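Student: Hi! I have a structure open and would like to talk it through with you. Could we start with the terms and then go around it piece by piece?

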Amino acid sequence: MGEMSSFQLGVIGALFLSVASSVSIVICNKALMSNLGFPFATTLTSWHLMVTFCTLHCAQRFNMFESKSIDTKTVMLFGILNGVSIGLLNLSLGFNSIGFYQMTKLAIIPFTVLLETLFLKKQFSQKIKFSLLLLLVGVGIASVTDLQLNFVGTILSMLAIVTTCVGQILTNTIQKKLNVSSTQLLYQSAPFQAAILFVSGPLVDQFLTKRNVFAYKYSAIVLAFIILSCFISVAVNFSTFMVIGKTSPVTYQVLGHLKTCLVLAFGYTLLHDPFTIRNIFGILVAIFGMGLYSYFCTQENKKKQSVDLSLGTQMKEKDSTPLIAMQDKESHEAKKSLV
């Protein structure tokens, strides 16, 4: 019971850190890109990952966590895949309208459910599916506006969905199968993610913005916001791996859509972004769907724990029964020999 309560506290802490850090970095990056004119998102992400690795390296040197070696090929492919998925999502945003990009992000949940059902044989109840559908409808109402399709943008969106889903499923699978923590996996994979984005980031950003990140004139306030964004990203990256490892890729995506709703709400209250009744209604529907998802997941986990407990009790009874029977048999044979 003590281990279970500490696990639940760990999950709650990871969820809270993920929401708080993600909303903070979105607001910081929005100010950096929209107000200060720094549009180089992919390059900024590579800096995020480099700072994350340096921070974790310092923490490891001070024995704050134990580094665990993982197969180099596995970590390299995993890091490259995650780096490519980030680049593809940014390219998808560049080639598509905001509305179609939001639809791309919404499609990650059903595709993840499909992949886990087909390849990992994971079962999702009808209640879970209904709550996810309600969540997606709410986020769609709140955030999706225009839907302008084009061939290149559609291909990039499909590739972004596939790589993001596979990357998040692997994040969960690697942690559980290789028995590594979220910190250990992030520490091992961050250099490869940073390397591929550090090389491709300036090219992707120049293609999308028609501007060179190295020719940009950096003011003191821009540098301050970049440094702040990089430090917040350490919490974002750490909590992402932690949430996926402790829960599931689907739960992480559900949490991501909650962040979208919170960002919309904060944008209206703090940045005075345009807001309509449609936005409010969509956010309320999405939050209700997320609440249902959390409730149904909790109920199913309780049922699973009770089943596992009863199976464990039965196994103990089966293990003890032969010993008792053997003792009875031996005592019976001893009595016969005395007679």
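Tutor: Happy to! Buried means under 20% relative accessible area, exposed means over 50%, and partly exposed is in between, with a 1.4 Å probe and protein chains only. This is a predicted model, where local features need pLDDT of at least 70 and side-chain atom pairs count only at pLDDT 80 or more, while totals for chains, interfaces and linings use all residues. Residues are numbered from 1 along each chain as its sequence is written, and side-chain values use heavy atoms, with hydrogens and water left out.

Student: Great. Is Phe-151 buried or exposed, then?

Tutor: Phe-151 counts as exposed, because its relative accessibility is 66%. Phe-151 lies in helix H6, which covers residues 151–177. Helices here are DSSP runs of H or I with at least four residues, strands are runs of E with at least two, and both are numbered from the N terminus.

Student: Where does UniProt place the "transmembrane region" feature?

Tutor: The unreviewed UniProt entry lists several spans, including 216–238 and 277–296. UniProt positions are given in the numbering used here, feature names are shortened, and annotations may be inferred rather than shown by experiment. In the model, residues 216–238 are 83% helix and 0% strand, with end C-alpha atoms 30 Å apart. Residues 277–296 are 100% helix and 0% strand, and their end C-alpha atoms lie 29 Å apart.

Student: Back to H6. What does the side chain of Asn-172 reach?

Tutor: Asn-172, also found in helix H6, reaches the backbone oxygen of Ile-244 with its side chain at 2.7 Å. That is a polar contact: a pair of N or O atoms within 3.5 Å, where within protein one must be able to donate a hydrogen and the other to accept it, and residues adjacent in sequence count only if both atoms are side-chain atoms. Leaving out residues up to four places away in sequence, Asn-172 touches Ile-244, Gly-245, Thr-247, Ser-248 and Pro-249. Asn-172 counts as buried because its relative accessible area is 11%.

Student: What about Asn-90? Which residue's side chain does it meet in a polar contact?

Tutor: The side chain of Asn-90 meets that of Thr-42 at 2.9 Å. Asn-90 is found in helix H3, residues 72–95, and its relative accessible area is 17%, so it is buried. Beyond four places in sequence, Asn-90 touches Ala-41, Thr-42 and Leu-208.

Student: And Thr-240, which side chain does it pair with?

Tutor: Thr-240 and Tyr-252 are joined by a side-chain polar contact of 3.3 Å. Thr-240 is found in helix H8, residues 220–246, and it counts as buried because its relative accessibility is 14%.

Student: Switching to charges: how many salt bridges are counted?

Tutor: The count comes to 1 salt bridge, with a side-chain nitrogen of Lys or Arg required within 4 Å of a carboxyl oxygen of Asp or Glu. Lys-122 pairs with Glu-116, and the closest N and O atoms are 3.9 Å apart. Lys-122 is partly exposed because its relative accessible area is 31%, whereas Glu-116 is buried because its value is 3%.

Student: Last one: where is Lys-121, and what is its phi?

Tutor: Lys-121 is found in the loop between helix H4 (98–119) and helix H5 (126–143). Its phi is near 55 degrees, a positive value in a residue other than glycine. Asn-179 also has phi near 55 degrees, and its place is in the loop between H6 and helix H7 (182–209).

Definitions and conventions:
Contact = heavy atoms within 4.5 Å.
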